[in-house]
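Please keep the sequence and the three-dimensional view at hand while reading.

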Amino acid sequence: LLQAAIFDLDGVITDTAEYHYLAWRQLANSIGIDFDKDINEKLKGISRMKSLELILQVGGKENSYSNEEKEVLAEEKNEVYKQLIINISEKDILVGIVAFLEQLKQNNVKIALASASKNAPAIINNLKLKQYFNEIVDVTKIKRGKPDPEIFLTAAKMVNVDPQNCIGIEDAKAGVEAIKGAGMFAVGVGLKESLGKADLLVSNTSELDYEEIATKFKAY
Ligand code: G6P
Ligand code: MG
């Protein structure tokens with residue numbers, strides 16, 4: 001039985017994935033590394049420091065910075081990112097999300113957030129969506145990032161639902177892998193090329209529909 005829905009944030013609830021991309025591109029370019037959407041695709045769902053390390057690797061600069069310098073670079077990116085999301089509000093909720101959250105609530109499905117972003121609680125507040133979430137995972141307590149299933153398993157535990165009765169909703173390859181690793185039904189939002197492992201794929205959030213997902217979930 002479908003008893004809990006565990007959401008990713010960036011790129012699923014709001015289009016902050018685009019702001020992460022812009023902020024990383026600015027940071028990468030500032031240290032002489034080319035940055036494009038292909039590299040960015042690999043950063044979706046990946047923690048701030050891991051993302052920086054991947055960018056340095058792509059640019060052949062993985063040994064050019066000390067840990068302290070890397071902290072400074074990561075902080076720089078976050079400052080740019082925070083400027084980009086400073087005016088984020090209800091108007092930035094992706095189409096169909098509020099209706100989908102309402103459907104879940106009406107069907108007594110618990111709702112949790114499993115975002116790798118330390119900015120997630122602030123964003124959920126600014127989007128005025130806090131009321132929908134039974135639980136929000138504190139990512140600072142998570143030891144292993146996506147694609148490890150830890151964050152989804154933690155969310156399931158927090159809402160007290162067996163993983164097999166949960167669905168996870170993700171726009172990132174690493175995220176879909178984390179959901180599958182947790183033994184859950186994965187709903188992918190995006191393209192088949194990156195999200196082929198999802199159990200159900202929609203091309204955008206306006207297609208998220210409780211009845212369709214519940215039917216596929218039952219048959220699965
Ligand atoms: C999400 C995004 C990533 C981002 C990560 C950390 O998973 O998809 O692009 O790097 O969160 O976000 P933060 O806000 O903590 O830098
Ligand atoms: Mg995402």
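Which residues does UniProt list for "active site" in its unreviewed entry? The UniProt record names Asp8 and Asp10; its positions are given in the numbering used here, its feature names are shortened, and its annotations may be inferred rather than shown by experiment.

The model is predicted: local features need pLDDT of at least 70, side-chain atom pairs count only at pLDDT 80 or more, and totals for chains, interfaces and linings use all residues. Residues are numbered from 1 along each chain as its sequence is written, while chains are lettered from A and ligands numbered from 1 in the order in which they are written.

## The listed positions

Asp8 lies in the loop between β1 and α1, and Asp10 is also placed in the loop between β1 and α1. Helices (H or I, at least four residues) and strands (E, at least two) are DSSP runs, numbered from the N terminus. A residue is termed buried if 20 or more other C-beta atoms lie within 10 Å of its own, exposed if 12 or fewer, and partly exposed in between, with C-beta atoms placed from the backbone. Asp8 is buried, because 30 other C-beta atoms lie within 10 Å. Asp10 also counts as buried, with 24 C-beta neighbours inside 10 Å.

Contact is defined by C-beta atoms, placed from the backbone, that lie within 7 Å of each other. Leaving aside neighbours within four places in sequence, Asp8 is in contact with residues including Gly45, Ala114, Ser115, Glu170 and Gly175. On the same terms, Asp10 is in contact with Thr16, Ala17, His20, Ser115 and Ser117.

## The sheet

What is the order of the 6 strands in the open sheet? The order is β3-β2-β1-β4-β5-β6, and the pairing is parallel; two strands pair if DSSP finds at least two bridges between them. β3 (135-136) and β6 (200-202) stand at the edges with a single partner strand each, so one side of each has no neighbour in the sheet.

Strand β1 (residues 4-7) pairs in the parallel sense with strand β4 (residues 166-170) over 4 bridges. Within β4, Cys166 stands opposite Ala4 and Gly168 stands opposite Ile6. β1 also pairs in the parallel sense with strand β2 (residues 110-113), over 4 bridges, and there Ile111 is the bridge partner of Ala5.

In a regular strand the side chains alternate between the two faces of the sheet.

A nonpolar core is a set of buried Ala, Val, Leu, Ile, Met, Phe, Trp, Tyr and Cys residues joined through C-beta atoms within 7 Å. The largest such core has 62 residues, of which Ala5, Ile6, Phe7, Ala114, Phe152 and Ile167 touch the most other members. Helix α1 (residues 16-30) gives the largest share of this core, 7 residues. Not counting residues up to four places away in sequence, Phe7 touches Val12, Ile13, Leu113, Ala114 and Ile169.

Helix α8 (residues 173-181) is largely enclosed by the rest of the structure, because 7 of its 9 residues are buried. The buried residues of α8 pack against α7 (150-158), β4, β5 (185-189) and α9 (192-195).

## The surroundings of ligand 1

Ligand 1 is surrounded by 17 residues, the closest being Arg48, Ala116, Ser117, Lys118 and Asn119; a residue is near a molecule if its C-beta atom, placed from the backbone, lies within 6 Å of it. α1 and α3 (48-58) are the elements that give two or more residues to this shell.

## Backbone features

Most residues other than glycine have a negative phi, and most peptide bonds are trans.

| Residue | Phi | Location |
|---|---|---|
| Lys128 | about 60° | loop between α6 (120-126) and β3 |
| Gly183 | about 80° | just after α8 |

Lys128 counts as exposed, with 12 C-beta neighbours inside 10 Å. Asn160 is exposed, with 11 other C-beta atoms within 10 Å. A cis peptide bond, with omega about 15°, joins Lys146 and Pro147, and Pro147 is found in the loop between β3 and α7.

Definitions and conventions. Contact = placed C-beta atoms within 7 Å.
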